[in-house]
Amino acid sequence: MTEGATARADVSPRLCWCLALALGSALLPLGLPAQAEPLDLRQSIELALRQNPEIRVSQAQLQQAEAGLRQAQGKRYPTLNASVTGTRTNDALNAFGLKLSQRNATFDDFGAGEFNPANPNVFSVAPRNLNHPGGVSNLNTRLELQIPIYNGGQIRGFIEQARAQVRAAQHGDVAARQQLAYNVVQAYEGVHAARAYVSVARQAEEAGQAYVNTTQNLFKHGVVVRSELLAAQVRLEDTRVQLEQARNAEAAAMDQLRLLLGIPLDQPLELGPSATLTAPEGSLAELQRQAVANNPQILALRQQLDAARAGVQVARAAYYPHFNAMARQDWNSGDLSLGAPSYTVAGVLSWQLFDAGSSRAGVARAEAARTELLARLQQAEDGVRLRVADAWRKAQEAERRVATRELAVRQAEEAQRLVNKRFENGVTTMVEVLSNQAQLDKARADLVQARYDRSVQWAALRLAVGGLSPEQL
């Protein structure tokens with residue numbers, strides 16, 4: 001074991017310096033620490049929060065909600081519209097109306113030239129100019145101010161709904177950031193776990209090679225039979241396959257981490273040491289209360305429930321009268337000049353008295369949406385309590401498992417040392433040596449898994465409580 005462990009390939013200082021310079025030059029544009037300093041877990045999370053596309057999605061959703069609030073708030077203020085309408089018509093009513101708007105109506109438009117007092121039926125004569133006018137052109141220029149005064153609480157409801165949606169999006173952004181942090185913890189510790197598996201597999205390969213060498217010497221001197229040599233050679237090939245699998249797993253874990261950090265898959269990346277995550281302060285019951293009070297997903301659901309309550313208010317606005325005012329300035333002319341100015345001021349009171357139950361159905365629909373969200377909130381609160389309890393138990397179990405696996409590795413190493421001595425003295429067979437080596441390899445792999453599970457479960461507990469951020473790691 002010692003001989004295999006010390007068999008390391010030397011790397012020249014010049015090569016290390018060149019690699020460091022190349023890595024530093026490549027990582028600087030991506031916001032990684034200068035001079036290719038290794039990224040620890042906290043720095044990895046901070047980098048992911050700056051570059052991961054999922055954060056941009058969350059930020060875009062927040063911006064949409066904020067824009068929706070500004071849009072709703074704008075409904076409370078007057079609106080000013082400008083329009084220019086060009087018209088030409090020979091319709092009798094519209095043609096006469098356009099002439100009146102232009103202040104151009106004359107007695108002749110009423111057929112004054114056709115009035116003959118000597119005709120006893122003069123009042124039965126249909127004025128041709130009035131009934132069959134020629135085409136009239138008009139250019140209407142208009143400024144119209146619309147002023148909302150009272151709309152049954154509809155506008156206020158839209159604003160409250162939009163504000164709640166903004167708060168929900170803000171909590172959703174926090175939830176997305178904490179989820180990303182948890183994913184980075186998994187990937188970062190996953191890389192270290194994969195590297196530990198590589199180390200375990202490499203130790204197994206080195207031990208297997210040492211057994212083959214020892215067995216070949218013993219076989220040459222007739223101490224062991226060929227089957228034991230073949231068994232050692234088979235074991236060596238198995239360890240080489242396992243080493244290749246471990247290296248592939250490490251490469252896959254690094255690729256996953258690069259994706260989370262938002263850097264290219266071929267970008268060199270140096271990691272700091274494995275992090276040791278600990279439990280948040282407080283008993284299980286206290287952590288569950290904190291989760292219900294602080295979990296961003298729960299908070300987002302509460303704000304969505306507030307938005308649903310405001311939606312009921314919006315729907316109920318249909319039951320009440322609406323009153324709005326309008327002020328308008330018009331110019332009408334047959335050409336491009338602003339002629340014949342006129343103004344109009346109006347107040348409009350409208351009250352929908354019958355709509356075949358449409359408003360009632362709208363209110364019922366909004367109330368059902370609120371009831372659904374209330375049920376989802378209660379379900380989510382129960383779910384987060386369960387998640388906290390589950391992560392707590394698994395983390396406690398992982399802590400105990402780490403201590404047990406560390407003891408198991410020490411026991412397996414001592415047992416293997418004794419078996420190796422017995423084999424060298426011809427007291428036992430290669431089958432027992434390989435069996436004990438397999439137990440040692442398994443104990444080391446179990447220890448790697450236990451340490452990884454411990455870190456991930458503590459991170460899962462912090463995520464459920466709502467306290468997973470770079471500052472808290």
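Biologist: Is Gly-334 buried or exposed?

Modeller: Gly-334 counts as exposed, because its relative accessibility is 51%. Buried means under 20% relative accessible area, exposed over 50%, and partly exposed in between, with a 1.4 Å probe and protein chains only. Please note that this is a predicted model, in which local features need pLDDT of at least 70, side-chain atom pairs count only at pLDDT 80 or more, and totals for chains, interfaces and linings use all residues. Residues are numbered from 1 along each chain as its sequence is written, and side-chain values use heavy atoms, with hydrogens and water left out.

Biologist: Where does Gly-334 lie, and which residues does it touch?

Modeller: Gly-334 lies in the loop between strand 3 and strand 4. Helices (H or I, at least four residues) and strands (E, at least two) are DSSP runs, numbered from the N terminus. Leaving out residues up to four places away in sequence, Gly-334 touches Gln-102 and Ser-137. Contact here means heavy atoms within 4.5 Å.

Biologist: How many residues separate Gly-334 and Gln-102 along the chain?

Modeller: They are 232 residues apart along the chain, while their C-alpha atoms are separated by 7.5 Å.

Biologist: What else is in that loop? I had Ala-340 in mind.

Modeller: Ala-340 also lies in the loop between strand 3 (322–333) and strand 4 (341–350). Ala-340 has a positive phi of about 50 degrees, although it is not a glycine. Ala-340 is buried, with a relative accessible area of 15%.

Biologist: And Ala-356, is it buried or exposed?

Modeller: Ala-356 counts as exposed, at 63% relative accessibility. Ala-356 has a positive phi of about 60 degrees, again without being a glycine, and its place is in the loop between strand 4 and helix 11.

Biologist: Which way do strand 3 and strand 4 pair?

Modeller: Strand 3 and strand 4 pair in the antiparallel sense over 10 bridges. Two strands pair if DSSP finds at least two bridges between them. The bridge partner of His-322 is Ser-350 in strand 4. Strand 3 also pairs with strand 2 (residues 136–150), in the antiparallel sense over 11 bridges; there, Asn-140 has Asn-332 in strand 3 as its bridge partner.

Biologist: New topic: how many residues are in the largest nonpolar core?

Modeller: The largest nonpolar core has 48 residues, and those with the most contacts inside it are Val-184, Leu-257, Leu-261, Leu-269 and Leu-461. A nonpolar core is a set of buried Ala, Val, Leu, Ile, Met, Phe, Trp, Tyr and Cys residues joined through side-chain atoms within 4.5 Å. The elements that each supply at least two residues of this core include helix 7 (154–220), helix 8 (226–261), helix 11 (358–424) and helix 12 (430–465). Helix 7 gives the largest share of this core, nine residues.

Biologist: What does Leu-257 touch?

Modeller: Apart from residues up to four places away in sequence, Leu-257 touches Val-184, Ala-187, Tyr-188, Val-191, Leu-269 and Leu-271. There is also a second, separate core of nine residues, which includes Leu-62, Ala-72, Ile-155 and Ile-159.

Biologist: How many cavities of 30 Å³ or more are there?

Modeller: A search of the whole structure finds one cavity of 30 Å³ or more. On a 1 Å grid over the protein atoms alone, a cavity is a set of points where a 1.4 Å probe fits but cannot get out, and a pocket is an open set with protein on both sides within 12 Å along at least five of seven lines; lining residues have an atom within 4 Å of a point. The largest cavity has a volume of about 50 Å³. Helix 5 provides the largest share of its lining, four residues.

Biologist: And how much space lies in the second largest pocket?

Modeller: About 320 Å³ of space lies in the second largest pocket. It is lined by 18 residues, and the closest to its centre are His-192, Ala-196, Leu-447, Val-448 and Arg-451. Grid points are joined across faces, edges and corners, and a volume is the space filled by probe spheres set on the points. Helix 7 and helix 12 each supply at least two residues of this pocket's lining.
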